Amino acid sequence: MKRKDQRITGLPSIDLLEEATHLLRDLPLGAYLPYLVGAFPFWGALLYFWADMSHGAQAQNNCASGALIVTVAFVWMKT
């Protein structure tokens with residue numbers, strides 16, 4: 001017996017997660033390369049910015065330029 005919310009949305013949440021996991025597992029390794037080319041620079045810039053703003057002596061002076069670098073890295077990751 002289906003619940004009301006299952007009829008409206010389609011698959012239950014757990015089935016949708018399982019299907020997404022299987023789709024990711026079936027991808028060839030080469031499909032992950034474009035994602036990693038964009039993700040590594042973004043995470044590196046974000047972690048550097050976070051550390052600099054948390055513990056840097058010149059955090060006030062570097063805030064705008066650091067935020068711009070993280071923004072550019074984010075746009076790079078998404079394109």
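Ala73 counts as buried, because its relative accessibility is 9% and the class of buried residues takes in those under 20% relative accessible area, with exposed meaning over 50% and partly exposed the range in between (1.4 Å probe, protein chains only). The model is a predicted one, in which local features need a pLDDT of at least 70 and side-chain atom pairs count only at pLDDT 80 or more, whereas totals for chains, interfaces and linings use all residues. Residues are numbered from 1 along each chain as its sequence is written, and side-chain values use heavy atoms, with hydrogens and water left out.

Ala73 is placed in helix H4, where helices (H or I, at least four residues) and strands (E, at least two) are DSSP runs numbered from the N terminus. When neighbours within four places in sequence are set aside, Ala73 is in contact with Gly38, Pro41, Phe42 and Ala45, contact being defined as heavy atoms within 4.5 Å. The C-alpha atoms of Ala73 and Phe42 are separated by 4.7 Å, although these residues lie 31 residues apart along the chain. For Gly44 and Ala73, which are 29 residues apart along the chain, the C-alpha separation is 9.1 Å. Gly44 belongs to helix H3 and counts as partly exposed, because its relative accessibility is 40%.

The buried residues of H3 are Gly38, Ala39, Phe42, Ala45, Phe49 and Asp52, and they pack against helix H4 (59-78). The end C-alpha atoms of H3 are 33 Å apart, which agrees with the 33 Å that its 23 residues should span at 1.5 Å a residue, the expected span being 1.5 Å times one less than the number of residues.

Asp52, which is found in helix H3 (residues 33-55), is buried yet has no salt bridge, and the nearest side chain of opposite charge, that of Lys78, is 24 Å away. In this assignment Lys and Arg count as positive and Asp and Glu as negative, while His and the chain ends are not counted; a salt bridge is a side-chain nitrogen of Lys or Arg within 4 Å of a carboxyl oxygen of Asp or Glu. Apart from neighbours within four places in sequence, Asp52 is in contact with Ala59 and Asn62.

A nonpolar surface patch of about 730 Å² is made by Leu24, Leu27, Tyr32, Tyr35, Leu36, Phe40 and Trp43. Patches consist of residues with over 30% relative accessible area and no salt bridge, like charges being joined within 9 Å and nonpolar side chains (Val, Leu, Ile, Met, Phe, Trp, Tyr) within 5 Å. H3 gives the most to the nonpolar patch, with four residues. Leu24, by contrast, lies in helix H2 (residues 13-26) and is partly exposed, with a relative accessible area of 49%.

The protein chain as a whole has four helices and zero strands, and 14% of its 79 residues count as buried. Its accessible surface comes to about 6900 Å², of which 68% belongs to carbon and sulfur atoms; accessible areas come from the Shrake-Rupley method with a 1.4 Å probe, and for residues only the protein chains shown count as cover.
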